[in-house]
Amino acid sequence: PKLTPDVISMMLFGPGVIPDEKANKAIEEVATQQGLLYVFDSGANFLMFKSSKSIDLLPLVKKHLGIN
């Protein structure tokens, strides 16, 4: 499935547990801490190139929110 805010929220917290706004805020905070300009949905079909310097934000967002 595409990584929409709803899907990300369900992946992080399970269905209906954490509002999408909290997930989006955490993603924004972690991206800012990492100095990122863009965050791409890796499930979207428009990703043309992935650098070896690319990072997966999901583990960092989970840590930021205190989720193991």
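The dialogue below takes up confidence, fold, core, salt bridge and surface in turn.

Student: How do you know how far to trust this model?

Tutor: The model is predicted. The protein chain averages a pLDDT of 76. Of its residues, 66% score at least 70.

Student: Which element has the lowest mean pLDDT, and which the highest?

Tutor: Helix 1, residues 5-13, has the lowest mean, 68. Helix 3 has the highest, 89. Where pLDDT is low, the predicted coordinates should not be read in detail.

Student: What makes the order of elements α-α-α?

Tutor: The protein chain has three helices and zero strands. Read from the N terminus on, the elements therefore run α-α-α.

Student: How much of the chain counts as buried?

Tutor: The chain has 68 residues, and 24% of them count as buried. The cut-off for that word is under 20% relative accessible area. The accessible surface of the chain comes to about 5300 Å². Carbon and sulfur atoms account for 58% of that surface.

Student: Which residues make up the largest nonpolar core?

Tutor: There are seven: Ile-8, Ala-26, Ile-27, Val-30, Ala-31, Leu-57 and Val-61.

Student: Why is this called a nonpolar core?

Tutor: The name asks for buried residues of listed types, joined through side-chain atoms within 4.5 Å. The types here are Ile, Ala, Val and Leu, and Ala, Val, Leu and Ile are on that list.

Student: What does Ala-31 contact, leaving aside neighbours within four places in sequence?

Tutor: Ala-31 is in contact with Leu-36, Val-39 and Leu-57. Contact here means heavy atoms within 4.5 Å.

Student: What makes Lys-25 and Glu-29 a salt bridge?

Tutor: Their closest N and O atoms are 3.1 Å apart. The cut-off is 4 Å, so the pair qualifies. A search of the whole structure finds one salt bridge.

Student: Why are Lys-25 and Glu-29 separated by about one helical turn?

Tutor: Because they are four residues apart in helix 2.

Student: Why is Lys-25 called exposed, and what is Glu-29 called?

Tutor: Lys-25 has 51% relative accessibility. Exposed means over 50%, so Lys-25 counts as exposed. Glu-29 has 28%. That lies between 20% and 50%, so Glu-29 counts as partly exposed.

Student: Which residues form a nonpolar patch on the surface?

Tutor: Leu-36, Val-39, Ile-55 and Leu-60 form it. Together they have about 290 Å² of accessible area.

Student: Where are Val-39 and Ile-55?

Tutor: Val-39 lies in the loop between helix 2 and helix 3. Ile-55 is found in that loop too. Val-39 touches Ile-27, Ala-31 and Leu-57, not counting residues up to four places away in sequence.

Student: What makes Leu-65 partly exposed?

Tutor: Its relative accessible area is 25%. Leu-65 is found in the segment after helix 3.

Student: How far apart are Leu-65 and Ala-26?

Tutor: In sequence, 39 residues. In space, 7.1 Å, C-alpha to C-alpha.

Key: Residues are numbered from 1 along each chain as its sequence is written. This is a predicted model: local features need pLDDT of at least 70, side-chain atom pairs count only at pLDDT 80 or more; totals for chains, interfaces and linings use all residues. Side-chain values use heavy atoms; hydrogens and water are left out. Buried means under 20% relative accessible area, exposed over 50%, partly exposed in between (1.4 Å probe, protein chains only). pLDDT is the predictor's confidence in each residue, from 0 to 100. Helices (H or I, at least four residues) and strands (E, at least two) are DSSP runs, numbered from the N terminus. Accessible areas come from the Shrake-Rupley method with a 1.4 Å probe; for residues, only the protein chains shown count as cover. Patches are made of residues with over 30% relative accessible area and no salt bridge: like charges are joined within 9 Å, nonpolar side chains (Val, Leu, Ile, Met, Phe, Trp, Tyr) within 5 Å. A salt bridge is a side-chain nitrogen of Lys or Arg within 4 Å of a carboxyl oxygen of Asp or Glu.
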